Amino acid sequence: MIKVKRLDWDSDFFNLEVGELIIDTSDAFELGNFDLIYVRSNEKKEIELNGFEKTYSETKVIYQKRIVNSNPINNQVIELSETNYSIIELNQLAFESGNHSRFKLDNRLDNRKFEELYELWVKNSINKSFADEVFVYLHEIKIAGFVSYKVVHDYATIGLIAVSKAFQGKGIGKELLFKVENELVEKGINELRIPTQEENHQACGFYEKLGYKKFETTNISHYWRK
């Protein structure tokens, strides 16, 4: 009998009982008294959870790249701490980066909670608890995009990456990633991973164009108590 694991942080943040169920077998499930269950599996499976209904599904994909050489330096990409940034401006960019997030697209979750989640992500990236560094692309004095990353053991992972709608299609996302890659080369880290959604075809195509390869995929579904 597989038990649903309570996710304390999610439960406290959303003020719901939130659990996680990882499906690897066809065993029976002990669902407990949850309001919302995240079901994760390596394969796309249609399952029924008694008393619950599925409201949203996505395929999370992690891209990976081996970093060998440094990239050309772009002086418009600098550390956030070197700017007079506006937290409101950064939050708006973060909301854009989360447009394909399951927390945005599951209509059972309040949009304000989605925004609070990303505001918290930005805050904890700036104070270095979620990120080692935040870089921004400056267009004159305006922040046109930003990226955060964190080293985990012998590789690094991208946290948030976003480019303002007004500046998309100008190669800014590439310059932001190049900056992170250069930093990692200096640190002796030769692997960078980037999570996104398989359904976000634009992002997937962008990473693949820069030499990133699919490393891991996970199917995630939201089941709400009826």
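Visitor: What does Ile-158 touch, leaving out residues up to four places away in sequence?
Guide: Val-147, Ser-148, Tyr-149, Leu-177, Val-180, Leu-192, Arg-193, Ile-194 and Pro-195; contact means heavy atoms within 4.5 Å. This is a predicted model, where local features need pLDDT of at least 70, side-chain atom pairs count only at pLDDT 80 or more, and totals for chains, interfaces and linings use all residues. Residues are numbered from 1 along each chain as its sequence is written, and side-chain values use heavy atoms, with hydrogens and water left out.

Visitor: Which residues touch the most other members of the largest nonpolar core?
Guide: Ile-158, Leu-177, Val-180, Leu-192 and Tyr-207 are among them, in a core of 28 residues. Such a core is a set of buried Ala, Val, Leu, Ile, Met, Phe, Trp, Tyr and Cys residues joined through side-chain atoms within 4.5 Å; buried is under 20% relative accessible area, exposed over 50%, partly exposed in between (1.4 Å probe, protein chains only).

Visitor: And where does the largest share of this core come from?
Guide: Helix 5, with 6 residues. Helices (H or I, at least four residues) and strands (E, at least two) are DSSP runs, numbered from the N terminus.

Visitor: Switching to helix 6: which of its residues are buried?
Guide: Ala-203, Cys-204 and Tyr-207. They sit on the same side of helix 6 because their arc is only 100° around the axis, taken from the directions from the helix axis to the C-beta atoms.

Visitor: What's on the face turned away?
Guide: Exposed His-201, Gln-202 and Lys-209.

Visitor: Last one: is Asn-91 buried or exposed?
Guide: Buried, because its relative accessibility is 10%.
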